[in-house]
Amino acid sequence: MPEYQWRAMTADDLPTVAAISDRVHGDFTEDGAVYAERLALYPAGCLVLAGQREIAGYLIAHPWHRATPPALGATLGAIPADADSYYLHDIALLPSARGSGAGRTAIGLAMDQARAAGLGEIALIAVNGADKFWAAQGFVYAGPAPYGADTWLMHRPVARG
């Protein structure tokens with residue numbers, strides 16, 4: 001299995017991030033402008049999983065309001081000053097990185113980021129059956145998500161550091 005390491009995302013990574021999203025998410029992929037805006041608004045929450053030959057995944061997260069997750073494909077405009085949750089927009093991994101522990105490491109990084117931002121929970125929307133992965137990582141169901149059938153709003157308290 002190749003060696004991978006999480007590193008800060010750069011603007012040069014955005015075409016690859018969009019391509020990974022297209023490959024991994026199918027109907028739930030988003031326009032590259034969404035990723036570019038997240039990187040511009042909250043670079044601390046934007047990472048890529050880099051190997052020697054490829055970028056094999058990405059993590060995008062930012063402070064937000066738990067009760068009103070961003071719409072699929074929508075730009076944000078700004079990060080709210082009164083955010084009450086750390087929104088895990090996406091962790092996407094190519095098949096070559098799955099099973100490497102990169103997903104669990106990314107969750108730990110998101111926990112660290114949420115703690116640094118002073119937020120006590122992480123929220124996300126699970127799609128494409130990923131709710132089972134998230135539930136195994138300690139996330140609980142908060143109800144159906146607005147993205148369509150079999151999409152779930154989930155959350156988890158931030159582990160203490």
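The side chains of Arg38 and Glu37 are joined by a polar contact of 3.4 Å, a term that stands for a pair of N or O atoms within 3.5 Å, where within protein one must be able to donate a hydrogen and the other to accept it, and where residues adjacent in sequence count only if both atoms are side-chain atoms. The model is predicted, so that local features need pLDDT of at least 70 and side-chain atom pairs count only at pLDDT 80 or more, while totals for chains, interfaces and linings use all residues. Residues are numbered from 1 along each chain as its sequence is written, and side-chain values use heavy atoms, with hydrogens and water left out.

Arg38 belongs to helix α2, residues 32–41, helices being DSSP runs of H or I with at least four residues and strands runs of E with at least two, numbered from the N terminus. Because its relative accessibility is 2%, Arg38 counts as buried (under 20% relative accessible area, with exposed over 50% and partly exposed in between, for a 1.4 Å probe and protein chains only). Leaving aside residues up to four places away in sequence, Arg38 touches residues including Pro43, Ile60, His62, Leu76 and His89, contact meaning heavy atoms within 4.5 Å.

Turning to the whole protein chain, 4 helices and 7 strands make up its secondary structure, and their order from the N terminus is β-α-α-β-β-β-α-β-α-β-β. Of the 161 residues, 50% are buried, and among contacts between residues at least 6 apart in sequence, 67% join residues at least 24 apart. The C-alpha trace spans about 40 × 35 × 30 Å along its principal axes.
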